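Look over the structure first, then read on.

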Amino acid sequence: MSARASNQPYKYSDDSQMPYYSNSVASGENGGFYVMQNNLDNHYSSSDDGSQRINSSNPLVFEAQYCTLESSSANGIYPAQSSTSSHSISPISGSPLSQHDSHSDHTYNSPPTASCLTEATDLHVKLKELENAILGPELDITSDSPESFLQTGALLRPDNWRQLLGIDTGDLKQVIVACGKAVAENDVFATELLISELGQLVSVSGDPMQRLGAYMLEGIVARLSSSGSMLYKSLKCKEPTSSELMSYMHLLYEICPFFKFGYMSANGAIAEAIKGENYVHIIDFQIAQGSQWITLIQALAARPGGPPCIRITGIDDSNSAYARGGGLDIVGMRLHNVAQACGLPFEFNAVPAASHEVELEHLKIRPGEVIAVNFAYQLHHVPDESVSMENHRDRIIRMIKSVNPRVVTLVEQESNTNTAPFFQRYMETLDYYTAMFESIDVALPRDDRRRISTEQHCVARDIVNLIACEGAERVERHELYGKWKARFTMAGFRPYPLSSVVNNTIKTLLQSYNSHYRLEERDGVLYLGWKNRVLVVSSAWC
């Protein structure tokens, strides 16, 4: 459930302040900030992929913000308001966002680049370079055109824009929606007004809409400054310590049932499919820490008549290596120790590669073994035909069909963000993550620093990637269950209904969580939601 920015980590001082950049700006009362105005004229243009960019003869000057746990200030930086010049501006190289690098077990991983990881060796130097790129010297601009940008947006004034845009004072959701619409329509003046307004309303320690708004604002600023891809990669360079990151992932796993729901339903389908088999090969397309398989190994070890021989192929790129403190050999050894303690014969086949890089020979299929394949929160990261002519998403599904698996489990977020145009994707992000942030809100206090860090490192980067990035750089590409069903059906699969035992197990699990969680079974497929919003769908195929 990925984000991007400078290399300065979130730190908390004794007075609970969280500076996002070392450069301070004029502060208002209660820890607020002011958005400074500069005589720069910004012209947004749309590229072929639908992304917006800023053009100017000079770099935009961004004013850094200062956020405290007590204030409602945003955790971002905002473009200065334009004046009447009409100069051409070159793209900004800076990355105007807060520090939300993140990884998570199975669910939210995206491949970093080797150059990115190398650049992270000196975080202090990198932060200084980023500050210089963002907060570089302001250059004087003289207006040489009789046509003013402000004249273009003359109907919108600081005293009437809320009325003209139909926004009630203080209505954060209306401001978030209007800002996305203004960006989609290349309405520069309205975008700047709304960005400034959002900056006064959002907070990483506020209510669910304030917290979500903070990260959506970061995505907007990154998109407009053309820094989305650089931001996404630079976040990969700045990591919390591996133990910290692991603790954030574990906390998210404990407070949200989404992941337990996915893993338990997948394990139930696999256990059902391999009943009575003696040689089982499980292929996990993002094994991460391998935690999903511990309970299944223990259950199979206690099977009447003796345990089967289990071989697990664990596929994973370098994202999870940092959190677990090493390569896939750590996962293999961990699972081997569990199996050995249970008396279950076990083998581990490590495939250190991204899912879209996997070929048939990596799987090392053996005659006579029963194959089960697990796609838990992973296939939406695999690029499809809208990104590449190679269409790895369908290629992987067809490749798995070719090995004649007994069962394939699919767990995915129920969201339509793959090929949707910007504003539709923006609204889908708002709707989906509103439900998710609400569900987190009932689990931990709003000023809980663990919750703040968990959201920043395990959730925020996905939000920013959805809003800021396009093309191959946008790795968060979710599809609705209906689309996944079409893909699997075209590859020759048919549904493998989840058993009532699995359904009842999940219902028991949800009893320990908030009553707003909803579980529904339709045609052998399980839907987990928050209130009226479906968030995760679990299905099986054969």
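A disulfide is a pair of cysteine sulfur atoms within 2.5 Å. The structure holds 0 of them. This is a predicted model: local features need pLDDT of at least 70, side-chain atom pairs count only at pLDDT 80 or more, and totals for chains, interfaces and linings use all residues. Residues are numbered from 1 along each chain as its sequence is written, and side-chain values use heavy atoms, without hydrogens and water.

**Burial**
- Buried means under 20% relative accessible area, exposed over 50%, and partly exposed in between (1.4 Å probe, protein chains only).
- Cysteine 179 is buried at 0%, while cysteine 309 is partly exposed at 30%.
- Helices are DSSP runs (H or I, at least four residues), numbered from the N terminus.

**Nonpolar cores**
- A nonpolar core is a set of buried Ala, Val, Leu, Ile, Met, Phe, Trp, Tyr and Cys residues joined through side-chain atoms within 4.5 Å.
- The largest core has 97 residues; Leu194, Phe258, Leu335, Tyr433 and Ile463 touch the most other members.
- A second, separate core of 28 residues includes Val382, Val408, Tyr481 and Phe493.

**Helices α9 and α10**
- The axes (lines fitted to C-alpha atoms over the stretch in contact, with angles from 0 to 180 degrees between N-to-C directions) of α9 (residues 242-255) and α10 (residues 258-273) come within 6 Å and cross at roughly 80°.
- The two helices are therefore roughly perpendicular, a term for angles of 65 to 115 degrees.
- Leu252, Tyr253 and Glu254 in α9 meet Phe259, Lys260 and Tyr263 in α10, with contact meaning heavy atoms within 4.5 Å.

Definitions and conventions
Angles under 35 degrees count as roughly parallel, over 145 as roughly antiparallel, 65 to 115 as roughly perpendicular and the rest as oblique.
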